[in-house]
Amino acid sequence: MSPQAIDELVKEKAVGAKSLTDFVKKLEKPRALWLMVPAAVVDKTIADLLPHLDTGDILIDGGNSYYIDDIRRARELATKKIHYVDVGTSGGVWGLERGYCMMIGGEPDTVKHLDPIFATLAPGQRRHPAHARARQARRHGRARLPALRAERCRPLRQDGPQRHRVRAHGCVR
């Protein structure tokens with residue numbers, strides 16, 4: 001962590017933390033921690049945070065991790081009664097101006113609890129949530145955007161312990 005970056009953000013009214021322990025302690029329970037780290041360090045970051053988490057806390061991975069890793073992490077954390085939500089984003093270089101998609105996967109009650117966050121982050125004023133399988137979008141890599149366009153048009157069968165949906169407006173068409 002960069003003390004200089006923390007100090008700059010505190011000047012802009014952010015709450016600063018000098019360590020992961022300090023960061024977790026400053027959050028109100030039940031806590032929701034959104035990770036925005038490269039996929040290669042998600043497991044290490046979770047391992048570093050885990051000793052500071054309590055039953056009912058939520059970890060959100062916003063770093064486009066591989067869906068197989070997300071499923072594994074959700075199962076491992078469930079044994080510790082920590083909730084895990086994966087949020088992939090799609091929209092490419094046009095995402096800011098034309099809209100982007102958030103592919104949200106997790107336990108339905110946990111995702112519903114976080115919905116105000118997702119609604120706030122969703123681009124545009126009209127919001128059109130639709131069911132989708134983020135796993136399918138992630139599996140197909142280059143075919144991700146066409147798959148999402150198709151998924152926005154119709155609900156898809158949901159399978160497995162994780163339910164997924166897309167929160168999107170104006171995705172790249």
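Visitor: By class, how many nonpolar, polar and charged residues are in the lining of the largest pocket?

Guide: That lining has 18 nonpolar, two polar and no charged residues (Ala, Val, Leu, Ile, Met, Phe, Trp, Tyr, Cys and Pro count as nonpolar, Asp, Glu, Lys and Arg as charged, the others, Gly among them, as polar). This is a predicted model, in which local features need pLDDT of at least 70 and side-chain atom pairs count only at pLDDT 80 or more, while totals for chains, interfaces and linings use all residues. Residues are numbered from 1 along each chain as its sequence is written, and side-chain values use heavy atoms, leaving out hydrogens and water.

Visitor: How much space lies in the largest pocket, and which residues lie nearest its centre?

Guide: Rolling a probe the size of a water molecule over the atoms shows where empty space is left. Here the largest pocket holds about 410 Å³ (a pocket is an open set of points on a 1 Å grid over the protein atoms alone, where a 1.4 Å probe fits, with protein on both sides within 12 Å along at least five of seven lines; lining residues have an atom within 4 Å of a point; the volume is the space filled by probe spheres set on the points, which are joined across faces, edges and corners). Of its 20 lining residues, M1, L20, F23, W34 and L35 lie nearest the centre. Two or more lining residues come from each of α1 (3–11), α2, β1 and α3, and β1 gives the most, with four.

Visitor: How many helices and strands does the protein chain have?

Guide: There are eight helices and six strands (DSSP runs numbered from the N terminus: H or I, at least four residues, for helices; E, at least two, for strands).

Visitor: Which residues of α3 are buried?

Guide: In α3 (residues 42–49), V42, T45, I46 and L49 are buried (under 20% relative accessible area, with exposed over 50% and partly exposed in between; 1.4 Å probe, protein chains only). Seen down the axis of α3, these buried residues fall within an arc of 100 degrees, so they line one face of the helix (the arc is that of the directions from the helix axis to the C-beta atoms). They pack against α2 (20–25), β1 (32–35), β2 (58–61), α4 (67–78) and β3 (83–90).

Visitor: Is I58 buried or exposed?

Guide: I58, in strand β2, counts as buried because its relative accessibility is 5%. Leaving aside neighbours within four places in sequence, its contacts (heavy atoms within 4.5 Å) include R31, V85 and L114. The C-alpha atoms of I58 and L114 are separated by 9.4 Å, with the two residues 56 apart along the chain.
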